[in-house]
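Good morning, colleagues. Please look at the model on the screen while I take you through a sheet and then a pair of helices.

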Amino acid sequence: MLPDLASTRADYESFKARGLKLDMTRGKPSPEQLSLSDAMLVPQGNGDTTTAAGEDARNYGGDLRGLPEVRALFAEALGLPADAIVLGNNSSLALMHDCIVWALLKGVPGGERPWSREPSPAFICPVPGYDRHFGLAEDFGFRLLPVPLTGQGPDMDAVEALAADPAVKGMWCVPRYSNPTGETYADETVRRLAAMRTGAPDFRLFWDDAYAVHHLTAARTPLAPILDLCAAAGHPDRAFCFASTSKVTLAGAGVALFAASPANVAWYLARAGRRTIGADKLNQLRHLRFLRDAEGLHAHMARHRALIAPKFDAVLDALERRLSGTGLARWSRPEGGYFISVDVLPGTAARVVDLAKAAGLALTPAGATWPQGRDPEDANLRLAPTFPSLKDVAAAAEGIALCIALAGLEARAA
């Protein structure tokens, strides 16, 4: 049933008068989540700097791919071959940046020339999507080609049509608990991505499995193995895989990884070896000491879930109470990840953000989930419940639902 505009406006003014100052803009771990890893801040001491191979992690040297025992831990947790993994420092986004830059300057296996010598290179961008992915590609001059997400991953008919163009060099993917919709790519979607014909022989999937272990229920949502499927389809070099522990342990001091085919790994190491003697082995070692093994990692993530799942429930409850059955909005119900995606009436997302700001609620700018920050429908909002306290999330969710209702009713009355 559609609510009354006058009473909704009165409710909004009453909420505004509370003088709240709440921030729901970024998907950051809360202080309580970070504290789950405080044991990592205790100095290892007692000479505990020796790797499984007997090497001193304080010094230069060792395998440029990172400690084998740490690669084995992440291989088991993420379903990747340990030999396919290269460990980096804290930021997977930095690894993606390096791969883009090296592709532009040097090219990638299977390519005829560096990407910078291609006329008007382009990237496919599932939308709504991750603004930092889009911004990275934009900064280096790529044309960005949006395709809609379907709840099972990107619209594959649209992807396949675009990928047939030789100028299309890659595609951004957050395949599990996607940012912001929370959806996981269906097995058939992953198979089609691995097997599709591409106009560019050096086309790459930038496969950012950022939320692989960030479950919001007791179930662990599986994802079809992209590296295996690419190899089986005759395109072994198609996928560049990325992940990190940034939202697992300490957000600013995690371990990131790159994983790919043998040819891609050799390409990556040849470039990385010019840039560094190796990533922070002590940080890799302290992650191993803290997490111990894949099941230890999953047990640690269950403690994260206990902190953040109630926050997601609070947002969903508020949206249900205020908006269910009104036709003014629809929203995702994620089983993992860090966000809730809300589609409001076309033409009202920016108005919702403005109303929220006036009421003391900071939201991610409307349009942020689209290339160039331009949502052609002005309809998508990304909500980030993790950082504020549960009490603040519940208050913010009440206000957000009110702002969505008010903006939608205003639009319908116009």
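I begin inside the sheet, where β5 and β6 run parallel and are joined by four bridges. Two strands are taken to pair if DSSP finds at least two bridges between them. Helices (H or I, at least four residues) and strands (E, at least two) are DSSP runs, numbered from the N terminus. Before going further, I note that this is a predicted model: local features need pLDDT of at least 70, side-chain atom pairs count only at pLDDT 80 or more, and totals for chains, interfaces and linings use all residues. Residues are numbered from 1 along each chain as its sequence is written, and side-chain values use heavy atoms, with hydrogens and water left out.

Between these two strands, glycine 170 has arginine 204 in β6 as its bridge partner. Strand β6 covers residues 204-208, and five of its five residues are buried, that is, under 20% relative accessible area with a 1.4 Å probe and protein chains only. Arg204, Phe206 and Asp208 point one way from β6, while Leu205 and Trp207 point the other way. In a regular strand, side chains alternate between the two faces of the sheet. As for β5, six of its six residues are buried, so β5 is largely enclosed by the rest of the structure.

Moving on from β5, three bridges join it to β3, again in parallel; here isoleucine 124 is partnered by methionine 171 in β5. Strand β3, residues 122-127, also pairs with β4 in the parallel sense, over six bridges, and cysteine 125 stands opposite proline 146 in β4.

What is the strand order of the whole open sheet? Its seven strands follow the order β2-β8-β7-β6-β5-β3-β4, with mixed pairing. The edge strands, each pairing on one side only, are β2 (85-87) and β4 (143-148).

I turn now to the helices. Helix α12 (residues 349-358) packs against helix α13 (residues 390-413) at about 130 degrees, with the axes 9 Å apart. Axes are lines fitted to C-alpha atoms, for helices over the stretch in contact, and angles run from 0 to 180 degrees between N-to-C directions. In their contact (heavy atoms within 4.5 Å), Arg351, Val352, Leu355 and Ala356 in α12 meet residues of α13 including Cys403, Ile404 and Glu410.

Methods
Buried < 20%, exposed > 50% of the residue type's maximum accessible area, 1.4 Å probe, protein only.
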